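Please walk me through this structure.

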2 protein chains.
Amino acid sequence: MIAEKMKPLLNNNSAIRAMFEEGKKLAAIYGAENVYDFSLGNPNVPAPDEVNQAIRDVLDEEPSTFVHGYMSNSGYEDVREAIAQSLNHRFGTKFSQNNILMTVGAASGLNVILKTILNPKDEVLTFAPYFLEYRSYVTNYDGILKAVSPDTETFQPNLKEFEQMIGENTKAVIINTPNNPTGVVYSHETLTAMAEILRKKEKELGHPIVLISDEPYRELAYDGVEVPYITKYYDDTVICYSYSKSLSLPGERIGYLVIPDELTESSQVFTAATIANRVNGCVNAPSLMQRVVKRCLDVKVNVEAYDRNRNLLYGGLKALGFTCIKPQGAFYLFVKSPEPDEKKFCEACKKQNILVVPGSSFECPGYVRISYCVSYEQIERALPAFERVAKEYGLKGEN
Amino acid sequence: MIAEKMKPLLNNNSAIRAMFEEGKKLAAIYGAENVYDFSLGNPNVPAPDEVNQAIRDVLDEEPSTFVHGYMSNSGYEDVREAIAQSLNHRFGTKFSQNNILMTVGAASGLNVILKTILNPKDEVLTFAPYFLEYRSYVTNYDGILKAVSPDTETFQPNLKEFEQMIGENTKAVIINTPNNPTGVVYSHETLTAMAEILRKKEKELGHPIVLISDEPYRELAYDGVEVPYITKYYDDTVICYSYSKSLSLPGERIGYLVIPDELTESSQVFTAATIANRVNGCVNAPSLMQRVVKRCLDVKVNVEAYDRNRNLLYGGLKALGFTCIKPQGAFYLFVKSPEPDEKKFCEACKKQNILVVPGSSFECPGYVRISYCVSYEQIERALPAFERVAKEYGLKGEN
């Protein structure tokens, strides 16, 4: 019954499920409060109060058939215009509603743009470590995902290898900054150099290479770090944005694509992407949530809560002797495994009831991802357990 | 830039856009109230008050991180269980949450199940006239859609031709009852005979044939007609349901798949469909709306309003001499064109400021679709215009 293309995903799914079941088993034995689950990227900070207030206001102030009805497959014009103006205000861009396409979250946005541009066997490059779903998304349209190997010193993209990997069949590049799983924000210098390489290669190869920027973590940045706006660096850029993290609405599936005028065949791409959004079955982004985000453009989730978590966990793990770069964004630490096979390290953690994700799941073995979108108290309770793991490996703390 | 597969859709889209633009032009010249747009399937009856009340109640009573957060990719367990029990109560079925997969509307549900089961070149049968998006959905997964020609006497499926068209490569059949564009409800007799053919062919061919029932119009049935529940006729059935019409929530994109235990490899299919829902970028059905439909399982849109429209328009057109079977469900009339080329008839209608959709758009030339999900007043105002068209064609009314 199952399509051939789905079978590898089905097998892989069993592994994830096994891990999930094991977590539940641990919780049943030791009590949920004594199991430290750092494996999920599920925001624990609630949506700002303004969001639920905006929902109530929309219901009170806007007609029901309008709020729950069909609109253009690209979204309500006024919502798209408001988003465009907000971006222009923040980043000095020049977007209008004709550049904004509302989508069922960033995951759907990625699928929409990939469906719009990919032919079978087209290659899409990305940078390890990366969110493994990118592979599924590219495979959906019979494209081939190739990952540039990581620069484990800085976790900035390895641009030397990147340049070498761009070839005749390279149609697109996916970047993700602030990054899952490293928390790294791509710097102005990185993006300048990356854009230069892409422009050079476009000229050499004689066809456009689309830089797709997956930005669900844009608003989660710390220490005042700037998250550069990618369209300002490179013309053939498409942005995939989501409100999942910025407004803590991951279940609502609301986001947008930015398709700038500077993109090659911009208006054709916009129309085709709108059709892709329709025929892939989404039809349009959820209507009420479109109306809501228009009213919440200046609202932000409590980033300080994540920042507190980041400082506690990063400080705690460094003090215990773990090796990790300090993340500037998102809500993950990407920690070096004290032994080469990080899956064994994950097992050692699990013996202390700590659940973390092996770097192999991001095509970057030797590291583990620790999500700190959990309660502050969980981190406090978990640190003694991490200490036992550190002792087991003979790590020497900074203190 | 545009993928080869998207190009035909892009061309086709221009035609639809041209029609839409022409409608706007007419409205600009004659005033919107003097243009009779019967071309869209957009519910005009508002969502029942209970829906907006349920939204407020969910926000008041359920925790924000739960309401707006991630859940299983197949949906909240309690929502799925409540839907299963409601179906069991209404139709005497035996579903549980393990048979219900929440989707981003029925269009997405169709894509999810087709992605789950189709291999390239697999054939999917459907019955003309049919919703043309089915072709896009099947093509998304490199399947081939084949349409059984219509029985224009009854617009029940042409089962003789259907049986002949089932072959080695037939993987699935899509039905839609109550039907868009005919308004016909497939009868108990039709479904019994169809199921018998499918069982025979499954045995002959030695592989399952999945009957996919697209049911957005299930609750819109008139004159007390029964809309049979398909899983009771045939084991290898998957239902695609949507709340777009039953609760007038087309913009919200909320629906579900029913994957019954009786389906071949049911639990594998359910798991694979859940993965398909995730990797196609939907991830999950919109969370707040899931919580809402759980509270609105016994709520129904004002079907009587559509029924009044149906009686006025059907009676009016018959009285003018038009030929049309009386629809038992949905909100469309499928009217015979007074001349063989129904596109010319559409042009004649347009001269009277009436917009209708040619049957060719449903692979059934010689007919036009007239949507009556419009205001009662629009129909009243349009009847004199229809009368002028009837006179032009020398039609003789019943009176």
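In chain B, seven strands form an open sheet with mixed pairing, in the order β2-β8-β7-β6-β5-β3-β4. Strands here are DSSP runs (E, at least two residues) and helices are runs of H or I, at least four residues, numbered from the N terminus. Two strands pair if DSSP finds at least two bridges between them. β2 (100-103) and β4 (144-148) of chain B are the edges; each has a single partner strand, so one side of each lacks a neighbour in the sheet. From one strand to the next, the twist averages 20°.

This is a predicted model: local features need pLDDT of at least 70, side-chain atom pairs count only at pLDDT 80 or more, and totals for chains, interfaces and linings use all residues. Residues are numbered from 1 along each chain as its sequence is written, with chains lettered from A and ligands numbered from 1 in the order in which they are written.

β7 (residues 237-242) and β8 (residues 255-258) of chain B pair antiparallel over four bridges. Ser242(B) sits opposite Gly255(B) in β8(B). Helix α9 (residues 266-279) of chain B packs on the sheet and touches β2 and β8 of chain B. Contact means C-beta atoms, placed from the backbone, within 7 Å.

Now chain A. It has 13 helices and 12 strands. Its C-alpha atoms fill a box of roughly 60 × 55 × 50 Å along the principal axes.

Finally, the contact between chains. Chain A gives 62 residues and chain B gives 62 residues. α5(A) supplies the largest share of the side of chain A that touches chain B, eight residues.

Key:
Two residues are in contact if their C-beta atoms, placed from the backbone, lie within 7 Å. Axes are lines fitted to C-alpha atoms, for helices over the stretch in contact, and angles run from 0 to 180 degrees between N-to-C directions.
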